[in-house]
Amino acid sequence: MCRAVATGIIVPLVWLSLAAAAALDENKVVDLTYPFDEHTIYWPTAKPFHLEVVAAGEAPGGYWYAANNICLAEHGGTHMDAPLHFARGKRAADEVPIQQLIGPAVVIDVRAQAAQNPDYRLSVADLEAWEQRHGRIPPGAIVIMWSGWGERWPDKKRYLGTDQPGDVANLHFPGFSREAATFLISQREIDAIGVDTPSIDYGQSQDFIVHQIVSDANKPGLENIAHLEKLPPVGATLIALPMKIAKGSSGPVRIVAVLP
Ligand SMILES: [Zn+2]
């Protein structure tokens, strides 16, 4: 009797898990992450990615063995800015809830504007134009600026505006405007913002006001998102899971999207 009851419970659970697994079409999963290697673009004041080979060959036991040490700055490549980055006392990288990093991807196409002006800042009008076509930005959205800058990766001179270490005076790339960040934080219930450029603030920003606004609201920012041409303006689900660095102001993040 006990066995029959147990079987009666277990079998439907197996069916349920099989049904859930089948519900995710793996052909609809796309990778929006740049690889970490010697070409990865970091902020001009940060150290480049470094991989030190510890072992790569046949071990004394006759088997293959490979292992490396890596050294990397927090802010480079595809990464998440934690709120702690620009707001004292707000969440560190390990404290950002994963729920805040999974959500509907809202992709704002500003490629035409950015092609005319490398210092372009995504405006409230851009957000309103998107909403007129696709409806109100949904709660929990991850709002992404698509500037087209990904075509320039990994050419530092074209992507950052400079290829000189330490040169922050000549940074030129698009970002969000102060007004657009304020609108998203105060008028919409977003979870995060993201960009296909090195920073959610444009290159010539001196006060990093978008970082301040977003961080102060305890929301993360995603930077150097790759391959945004793979995303539709609406309908994809973004999943951005950063390395869980305790007390980190940021962390490298693997971003994938599930297409509609
Ligand atoms: Zn950053």
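Here is a quick tour of this protein, from its overall build to its zinc site and a few individual residues. The model is predicted, so local features need pLDDT of at least 70 and side-chain atom pairs count only at pLDDT 80 or more, while totals for chains, interfaces and linings use all residues. Residues are numbered from 1 along each chain as its sequence is written, and side-chain values use heavy atoms, with hydrogens and water left out.

**The big picture**

- The protein's secondary structure comes to six helices and 12 strands; these are DSSP runs numbered from the N terminus, with helices (H or I) of at least four residues and strands (E) of at least two.
- Of the protein's 260 residues, 44% count as buried; buried means under 20% relative accessible area, exposed means over 50%, and partly exposed is in between (1.4 Å probe, protein chains only).

**The zinc site**

- Which residues hold the zinc ion? They are H75 (ND1), H79 (NE2), D81 (OD) and E223 (OE), at 2.0 to 2.3 Å.
- Donors here are N, O and S atoms within 2.8 Å of the metal (3.2 Å for Na, K and Ca), and water is not among the atoms, so sites may look incomplete.
- The angles among the four donor atoms run from 76 to 173°, and the site is irregular.
- Four donors count as tetrahedral if all angles lie between 85 and 135 degrees; four count as square planar and six as octahedral if opposite donors are over 155 degrees apart and all others between 65 and 115; anything else is irregular.
- Along the chain, the zinc donors follow the spacing H-x3-H-x1-D-x141-E.
- D81 sits in strand β4 (residues 79–81) and E223 in strand β10 (residues 221–223), so this pair ties together parts that are 142 residues apart in sequence.
- Both D81 and E223 are buried.

**Salt bridges**

- How many salt bridges does the structure hold? There are three, where a salt bridge is a side-chain nitrogen of Lys or Arg within 4 Å of a carboxyl oxygen of Asp or Glu.
- One of them joins the side chains of D31 and R254 (2.7 Å, N to O).
- D31 belongs to strand β1 and R254 to strand β12, so the pair ties together parts that are 223 residues apart in sequence.
- D31 is partly exposed at 26% relative accessible area, whereas R254 is exposed at 52%.
- Another salt bridge links D109 and R111 (2.8 Å, N to O); D109 is partly exposed at 38%, and R111 is partly exposed at 36%.
- R188 also pairs up with E131, with the closest N and O atoms 2.8 Å apart.
- R188 lies in the loop between α5 and β9 and E131 in helix α3 (residues 124–134), so the pair ties together parts that are 57 residues apart in sequence.
- Are R188 and E131 buried or exposed? Both are buried.

**Loops with something to spot**

- Look for the cis peptide bond from W153 to P154, with omega near 0°; P154 is in the loop between β7 (142–146) and α4 (156–160).
- F208 is not a glycine, yet its phi is positive, near 50°.
- You'll find F208 in the loop between β9 (192–195) and α6 (209–216), and it is partly exposed at 24% relative accessibility.
- S205 is also in the loop between β9 and α6, is buried at 7%, and has a side-chain polar contact of 3.4 Å with D207.
- A polar contact is a pair of N or O atoms within 3.5 Å; within protein, one must be able to donate a hydrogen and the other to accept it, and residues adjacent in sequence count only if both atoms are side-chain atoms.
- K247 has a positive phi too, about 65°, although it is not a glycine.
- K247 lies in the loop between β11 (237–242) and β12 (250–258), and it is exposed at 75%.

- The C-alpha atoms of V256 and V30 are 226 residues apart along the chain but separated by 5.5 Å; V256 is in strand β12.
- For F49 and A236, 187 residues apart along the chain, the C-alpha separation is 31 Å.
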